[in-house]
Amino acid sequence: MTERRDQILEAYRVYASGRRYQPFINLLAVLLVMGPGRHWPLAPWWALALAGAQALELAFCNPSRWKASVSVTRIYAAYALVALTVVVFSPVCLILWKYAGMVGAAASMIPMFYALMSGTIASRGQLPAFLAEGVSSIVMMLLLPIAVYFLISPNPLLLMLFCGEVLVASGAVSAFRWMARVSRIEQEAKQSLTEGRRRAEAATEAKSAFVAMVSHELRTPISAIVASAHDLEATASAGVARSNAQLIVNACGMLRTLLNDLLDFSKIEAGKMSVETIAYDPRTLVFETLKLWRAEARKKGVRLRLTGGRALPAWVMGDPMRLRQILNNLLSNAAKFTEQGAITLSIEAKPDGAIAFRVTDTGPGMSAEQLGRLFTPFDQLSADAARKHGGTGLGLSISRNLARLMQGDLSAASKPGEGACFTLRLPLPAAAAPLAQEPVSVGVFGAGEAVLRLLIVDDHEINRLAIETMLRPLGADLTQAQDGEAALAIARTQPFDVILMDVRMPGLSGLEATRLLRDGAGPNRATPVIAVTGDGSAAEVSACHGAGMTGHVLKPIEPARLYASIMDALETLVETAPAEPLQALAS
């Protein structure tokens, strides 16, 4: 019922917008009549009646003054007032015929023809609007020759006039029917587009949810493989075993990159990708990024150079993680396709405050056709390149979208045999250096009389075992819980120094479990909770902090990052509430 009311209201609003000049037409009619028709005794009363009808229409038929909950009855009453105005307006034709001579007789039909045509056009194919103004005008127009015949003069030409009016009326009805058909087709097209858009959005949402779920599930075995490989690398005595373990770690890193690309692409496609704005040191970021690719370049005999580094401010505002991601992608592509020569990262400060990062290589270059599809998702330059170098064909598409999310852009220029040049342009306003914080020393895990106590919460046993494998060399006291309910039950009775909480679990999620933990009165109400998640987006991190979590670590979990997260959590706890057993850990 509400949907139907909204449709009727919208139709009336469209119709009312077409009648916005009607008061001026009625005023002109009054002026015309008060000239030649001033001798008509009822002229003042007619003018007063027309003014009253127009005032009622202006007062009660203006949709901009209506409440959102206006009733259908009120809308139809507005149409009735419009019909009343047409009826009161129609005597103008009779007055002109009687008091303005032959010119008046000729001009008497113009107001009714205008009212009929304007009513038909303004109705936009809506039947209530046509009945209110169009049909009312037809009735009054057809009554005019009859009224003239009996009240003024029985002229034989009135029959011809009546026949002409019938033709005009039939033309108006045909025009209305055509407009109604066009309006119906337009409405069906809009509904089809709306339904198509809704289905497309639902499909995109479902696809994004599927990719996120698959990514989350695949990170679980990868975490276990990485943990086992790191443990094997640390304990292996033979060089071959250690080398094999490192090979497994590298392979898992490649798989994690593919998963991240798929997840980023699904977020961008769904419009859910976000970037953050914080102060960071771009010089250190560029140095660390180049350092990462120096070994790969050296292995291929390719020089890796940096020019214009001094153009970078000491501190800027932006998203360091996304800048690092784009530069890594550009340098990775350059390293793949450059067999000899050099890869150069040049930096240039623009007058408008933007920074241009150019990655230039001496590779085989690209044709105009290849450049045209360079940023197309899942598209590889050639089948040979896909077989030789692998990848998903998503890196450049993601990088350009990330650049545009940061109000910048990524472009490419190349010719066959002349290498390629990728230009990343980003607005990076200078920022003040953040205040340095005094480091808090917490000693070594498990040092002193107290042992670090941790609760590991994850619905996958393989994940719990992987984390336990990483933490076993630290001598920590580890307890496991297979879901949020079990974790809360354990946390009510046993105090812990840190809780590692998986975010996505069936039943009670990690976010809900953390909220209940913070709202409770048990011994772990203030215990640091580290989120273990496969989604490192700003929205996910914000949701974790909003639930009361202290930090986060990404899957697949790397031991170094896990240790750093635990150290950060302990430092925070030492600063806020240095209670047992942490007092024994602080040096």
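A nonpolar core is a set of buried Ala, Val, Leu, Ile, Met, Phe, Trp, Tyr and Cys residues joined through side-chain atoms within 4.5 Å; buried means under 20% relative accessible area, exposed over 50% and partly exposed in between (1.4 Å probe, protein chains only). Helices (H or I, at least four residues) and strands (E, at least two) are DSSP runs, numbered from the N terminus.

The model is predicted: local features need pLDDT of at least 70, side-chain atom pairs count only at pLDDT 80 or more, and totals for chains, interfaces and linings use all residues. Residues are numbered from 1 along each chain as its sequence is written, and side-chain values use heavy atoms, with hydrogens and water left out.

Leaving aside neighbours within four places in sequence, phenylalanine 422 is in contact (heavy atoms within 4.5 Å) with Leu330, Phe357, Arg358, Val359, Met366, Leu374, Leu396, Leu410, Ser411 and Ala412.

Helix H11 comprises the 19 residues 282-300; at 1.5 Å a residue it should span 27 Å, and its end C-alpha atoms are 27 Å apart, which agrees. The expected span is 1.5 Å times one less than the number of residues. A kink of about 35 degrees is centred on tryptophan 293, the bend being the angle between axes fitted to the seven residues ending there and the seven starting there. Trp293 is also among the buried residues of H11, which include Pro282, Leu285 and Val286. Their cover includes strand S1 (278-280), helix H12 (320-337) and strand S5 (354-361). Just after H11, glycine 301 takes a positive phi of about 75 degrees.

One aromatic pair is counted, formed by tyrosine 76 and tyrosine 79: the rings are tilted, 6.3 Å centre to centre, with 35 degrees between the planes. Rings of Phe, Tyr and Trp (its six-membered ring) pair if their centres lie within 6.5 Å; planes under 30 degrees apart count as stacked, over 60 as edge-to-face and the rest as tilted. Because they are three residues apart in helix H4 (residues 72-89), tyrosine 76 and tyrosine 79 are separated by about one helical turn.

| Residue | Relative accessible area | Class |
|---|---|---|
| Tyrosine 76 | 38% | partly exposed |
| Tyrosine 79 | 5% | buried |
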